[in-house]
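Welcome! Here is a friendly briefing to read alongside the sequence and the 3D view.

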Amino acid sequence: MSEAVKKILATLMICGVQTAEKAVKKEDLAVSCNLDPNTLETEVEKLIRSGHIKTHTRDETIYLYLTSTGIVA
C-alpha cells in the first residue's frame, strides 16, 4: 500500500467520512492529505475500483467517502 493511499484512508477515517452525508470533495481531500491533485486522482480511482471508497454526487459535484472495506484496510 502506497504512502498516498495510507494518507487518504487515514484522513477519511480520522475525519469520520464514512457516509454519503459526510462525504468530501476530492479537492478538499487533496489539501487535507497534502497530496498533488493528480496523485490523489490516481490513487482514489484505484481505491474506488477496490471498494475502499465510494462516490456520492451532490449538486453536480462528486464527493468521496470511506466504505467498511476501507475502514479495515
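Does Ala23 count as buried or exposed? Ala23 counts as buried because its relative accessibility is 8%; buried means under 20% relative accessible area, exposed over 50%, and partly exposed in between (1.4 Å probe, protein chains only). This is a predicted model, in which local features need pLDDT of at least 70 and side-chain atom pairs count only at pLDDT 80 or more, while totals for chains, interfaces and linings use all residues. Residues are numbered from 1 along each chain as its sequence is written, and side-chain values use heavy atoms, with hydrogens and water left out.

**Overall build**

- The protein chain contains four helices and three strands, where helices (H or I, at least four residues) and strands (E, at least two) are DSSP runs numbered from the N terminus.
- Starting at the N terminus, the order of elements in the protein chain is α-β-α-α-β-β-α.
- The protein chain is as compact as a globular protein of its length, because its radius of gyration of 11 Å is close to the 11 Å that the globule rule gives for 73 residues. The radius is taken over C-alpha atoms, and the rule is 2.2 Å times the number of residues to the power 0.38.
- The C-alpha trace of the protein chain spans about 30 × 25 × 20 Å along its principal axes.
- Among contacts (heavy atoms within 4.5 Å) between residues at least 6 apart in sequence, 53% join residues at least 24 apart.

**Surface and charge**

- Of the 73 residues in the protein chain, 36% count as buried.
- The protein chain has an accessible surface of about 4500 Å², and carbon and sulfur atoms account for 51% of that. Accessible areas come from the Shrake-Rupley method with a 1.4 Å probe; for residues, only the protein chains shown count as cover.
- There are 9 positive and 10 negative side chains in the protein chain, and the centres of the two sets lie 6 Å apart. Lys and Arg count as positive and Asp and Glu as negative, with His and the chain ends not counted; the place of a charge is NZ of Lys, CZ of Arg, CG of Asp or CD of Glu.

**Around strand E1**

- Ala23 sits in the loop between helix H1 (3-14) and E1.
- Leaving out residues up to four places away in sequence, Ala23 touches Val17, Arg58, Tyr63, Leu64 and Tyr65.
- Ala23 and Leu12 are eleven residues apart in sequence, and their C-alpha atoms are 8.9 Å apart in space.
- Lys22 also belongs to the loop between H1 and E1, but Lys22 counts as exposed because its relative accessibility is 53%.
- Lys22 touches Gly16 and Val17, not counting residues up to four places away in sequence.
- From C-alpha to C-alpha, Lys22 and Tyr65 are 7.2 Å apart in space, although 43 residues apart in sequence.

**Strand E3**

- Thr61 is part of strand E3 (residues 61-66) and counts as partly exposed because its relative accessibility is 27%.
- Setting aside neighbours within four places in sequence, Thr61 is in contact with Lys25 and His56.
- Thr61 and Val24 are 37 residues apart in sequence and 9.9 Å apart from C-alpha to C-alpha.

**Two loop residues with positive phi**

- Asn34 is not a glycine, yet has a positive phi of about 55 degrees. Asn34 lies in the loop between helix H2 (26-33) and helix H3 (37-49), and counts as exposed at 66% relative accessibility.
- Asp59 is not a glycine either, and has a positive phi of about 55 degrees. Asp59 lies in the loop between strand E2 (53-58) and E3, and is exposed, with a relative accessible area of 71%.

**Confidence**

- The average pLDDT of the protein chain is 93, and 99% of the residues score at least 70; pLDDT is the predictor's confidence in each residue, from 0 to 100.
- Confidence is highest in strand E1 (residues 24-25), at a mean of 96, and lowest in helix H4 (residues 68-71), at 84.
- Where pLDDT is low, the predicted coordinates should not be read in detail.
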